[in-house]
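This report describes the ligand site, the backbone geometry and a set of residue pairs in one protein model. The sequence and structure come first.

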Amino acid sequence: MCGIIGYIGQENVYPILIQGLQRLEYRGYDSAGIAILNGSLKVFKCKGRVSDLEQHVKDEDISGTIGIGHTRWATHGEPNDRNAHPHTSMNGKFVLVHNGIIENHTELKTDLMKNGFRFQSETDTEVLVNLIEYFYSKGEAIDGEMAIRLALSKVVGAYGIAVICTKEKDQLIVARKGSPLVIGVGEGSYFIASDASPIIPYTRNMIYLNDNDVAIINRQGLILKTVENIPAVFNITKVSMTIGEIEKGDFDHFMLKEIFEQPKIIEETFRGRITSDHSTIILGGLMDVFPKLLSAQRIIIIGCGTSWHAALVGEYLIETYARIPVEVEYASEFRYRNPILTNTDVVIAISQSGETADTLAAIRMAKANGATVLGICNVVGSTIARETEGGVFTHAGIEIGVASTKAFTAQVTVLTLLALKLAKENEKMTQETYQCLIQELINVPAKVQSILQKHLHIKEVASKYKKATNALYLGRGLLFPVALEGALKLKEISYLHAEGYAAGEMKHGPIALVDDNLPVVVVAARDDYYTKIVSNIHEVKARKGNIIAVVTEGDNNLNSLVNDLFEIPESHPIVTPILAIIPLQLFSYYIAVSRGCNVDQPRNLAKSVTVE
Ligand code: M6R
């Protein structure tokens with residue numbers, strides 16, 4: 001949800017801003033803009049992508065060593081030039097980029113208008129920058145920093161901001177509440193960004209800001225304090241991300257690269273968590289809270305989108321193997337519906353980014369109600385990772401494609417480890433079965449690799465269905481969430497309407513959709529539900545639906561019933577969700593590419609949803 005970049009140092013700022021915005025474009029791509037202070041202030045911005053901005057400035061003087069930039073995912077005000085960031089205050093004293101939502105912007109704007117302020121855009125951000133100028137103009141005792149803090153103390157909502165005061169030329173001020181901000185510490189230079197990815201070409205030393213932090217930065221150093229002017233301490237964290245991780249390499253899209261990374265990612269996620277004799281699972285981040293998990297009245301798993309689908313897989317796994325009651329909730333519902341929570345509940349929040357606003361708010365609510373709150377997160381240093389009492393990191397590396405792929409399989413890998421460990425410690429599983437299922441997980445990367453090798457077949461099948469307008473995805477048991485995730489992948493990147501359904505529910509409504517035009521993707525790998533799903537395939541076939549089935553290798557029973565098959569290697573059902581999603585990810589990818597869609601940056605979406 002909007003990307004922010006900033007720099008102060010000795011180097012020419014323009015390439016740093018542009019390359020940074022390119023890296024952050026996955027967060028929003030409705031408009032892009034930069035502001036550079038070099039004696040005077042220059043602001044360039046336009047609707048569209050960073051490449052449009054580059055065209056826009058090609059004949060301009062863009063020299064300078066201090067600047068800020070923004071790539072927008074529109075909330076308030078349509079995507080156009082006027083609403084693009086940076087926003088300048090009415091008298092040009094401040095320029096600001098913002099990620100988040102100022103919820104009380106209407107009241108603030110009314111008051112400012114009574115004080116003579118006039119506005120150019122429909123954004124909440126322009127209200128904030130003028131509010132800063134309003135306080136600044138109150139008297140000489142108020143400098144830029146104080147004006148920013150005074151303005152922020154009046155704001156309700158979420159913000160990550162970078163601000164330049166044009167009267168205080170060698171300074172950049174940043175602040176956060178609810179929206180992520182990272183400061184990269186270089187030699188006599190500082191980098192600001194919404195995440196670490198645009199900074200790592202320059203430095204690995206990062207300061208992750210906390211809510212309510214304000215940092216006043218110049219070339220000599222930085223001062224950290226709170227909005228209330230209380231000095232704050234900061235820690236410099238060394239990140240391990242590499243430049244290779246943030247580049248596409250030989251792949252056409254990040255999404256394809258990330259799909260193909262999955263054998264390695266899954267292995268990274270379980271490696272170090274299984275003892276070398278394959279006899280025990282160790283989840284270091286849960287060590288202290290494990291007794292609470294084992295004695296929990298219930299576990300509630302929360303998340304959004306793909307992370308919510310992983311949570312559903314977790315529910316099936318934990319209930320089946322560990323026999324602990326599990327509920328799964330959309331974070332966006334959970335946070336508002338006043339759920340009954342006690343200190344015997346354990347809430348597990350799943351989030352790739354660790355910044356999803358609804359998930360974060362749900363965590364805070366659950367904590368306030370006495371629940372133990374844990375996290376399964378991908379981004380180290382993210383807000384959710386920091387605000388949970390324990391948890392497990394997925395080791396998926398940075399995920400840039402807006403459609404989540406490797407993050408999902410890494411999340412399910414963690415949930416499988418967790419379910420097995422709970423089952424063992426809860427005495428619901430023998431050591432023999434435990435070791436046997438650990439081995440199943442260890443075998444997964446090679447099996448995923450073998451599915452990926454069949455990508456050309458999946459591409460060929462996808463080309464047959466590229467003109468479809470709707471699709472139905474069916475699954476049962478552990479493969480029901482896979483059907484949901486498969487449908488989400490198709491929707492978000494190819495703009496085809498796709499619905500995921502529990503196959504047993506089909507006869508209660510969706511079967512009405514089935515005709516000879518409808519592709520029906522059935523996840524029918526061999527498991528305990530196999531005979532039931534075969535009956536569902538017959539029901540679709542009887543109504544002339546086009547069936548694309550994910551089946552276990554060597555299962556020839558379905559050949560005559562289905563139009564197309566994607567085979568996955570034979571495995572224990574515990575790992576089939578990880579295997580079965582792979583062909584569906586590729587299927588969506590190839591359909592989207594053949595429809596000419598922007599796979600990595602689908603319309604209206606953003607990678608990290610930091611607004612509710
Ligand atoms: O970062 P999170 O896992 O919290 O994000 C949750 C969803 O926004 C995310 O999974 C979204 O649904 C993806 N676009 C799915 O591909």
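A residue is near a molecule if one of its heavy atoms lies within 4 Å of it. The model under discussion is predicted.

**Ligand site**

There are 15 residues around the ligand, and those that come nearest are Ser307, Ser351, Ser353, Thr356 and Glu492. By class, this shell comprises eight polar, five nonpolar and two charged residues.

| Residue | Protein atom | Ligand atom | Distance |
|---|---|---|---|
| Ser351 | polar side-chain atom | oxygen | 2.6 Å |
| Gln352 | backbone N or O atom | oxygen | 2.7 Å |
| Val402 | backbone N or O atom | nitrogen | 3.2 Å |

Taken alone, the ligand exposes 410 Å², and the protein buries 91% of that area. The ligand sits in the second largest pocket. Two elements give two or more residues to the shell around the ligand, namely H9 and helix H17, which spans residues 480-494.

**Backbone geometry**

Most peptide bonds are trans, and most residues other than glycine have a negative phi.

The peptide bond that joins His85 and Pro86 is cis, with omega at about 0°. Pro86 belongs to the loop that runs between strand S4 (66-72) and strand S5 (87-88).

Arg323 is not a glycine, yet its phi is positive, near 55°. Arg323 is placed in the loop between helix H9 (305-322) and strand S16 (326-330). Is Arg323 buried or exposed? Arg323 has a relative accessibility of 56% and therefore counts as exposed, the cut-off for that class being over 50%.

Asn604 likewise is a residue other than glycine with a positive phi, here about 65°. Asn604 lies in the segment that follows helix H19 (576-594). With 61% relative accessibility, Asn604 is also classed as exposed.

**Residue pairs and their surroundings**

Three further residues can each be described by location, accessibility and the distance to a partner in the chain.

Asn83 lies in the loop between S4 and S5, and Pro86 has its place in that loop too. The relative accessibility of Asn83 is 0%, so this residue counts as buried; the class requires a value under 20%. Asn83 and Lys47 are 36 residues apart along the chain, and their C-alpha atoms are separated by 8.4 Å.

Thr342 occupies the loop between helix H10 (331-334) and strand S17 (345-351). Because its relative accessibility is 35%, Thr342 counts as partly exposed. What distance separates the C-alpha atoms of Thr342 and Ala371? These atoms are 5.7 Å apart, while 29 residues along the chain lie between the two positions in numbering.

Ala385 is part of helix H12, which covers residues 383-387. A relative accessible area of 21% makes Ala385 partly exposed. In sequence, Ala385 and Gly33 are 352 residues apart, and in space their C-alpha atoms are 31 Å apart.

**Summary**

The backbone includes a cis bond between His85 and Pro86, together with positive phi values at Arg323 and Asn604.

How values were computed
Residues numbered from 1 in each chain as written. Predicted model: local features only at pLDDT ≥ 70, side-chain atom pairs only at ≥ 80, totals over all residues. Heavy atoms only, no water. Helix = DSSP H or I, 4+ residues; strand = E, 2+ residues; numbered from the N terminus. Buried < 20%, exposed > 50% of the residue type's maximum accessible area, 1.4 Å probe, protein only. Polar contact = N/O pair within 3.5 Å; in protein donor to acceptor, adjacent residues only side chain to side chain. Areas by Shrake-Rupley, 256 points an atom, 1.4 Å probe, with all protein chains shown as cover. 1 Å grid on protein atoms, 1.4 Å probe; cavity = no way out; pocket = protein on both sides within 12 Å on 5 of 7 lines; lining within 4 Å. Sits in = over half its atoms within 2 Å of the grid points. Nonpolar A, V, L, I, M, F, W, Y, C, P; charged D, E, K, R; others polar.
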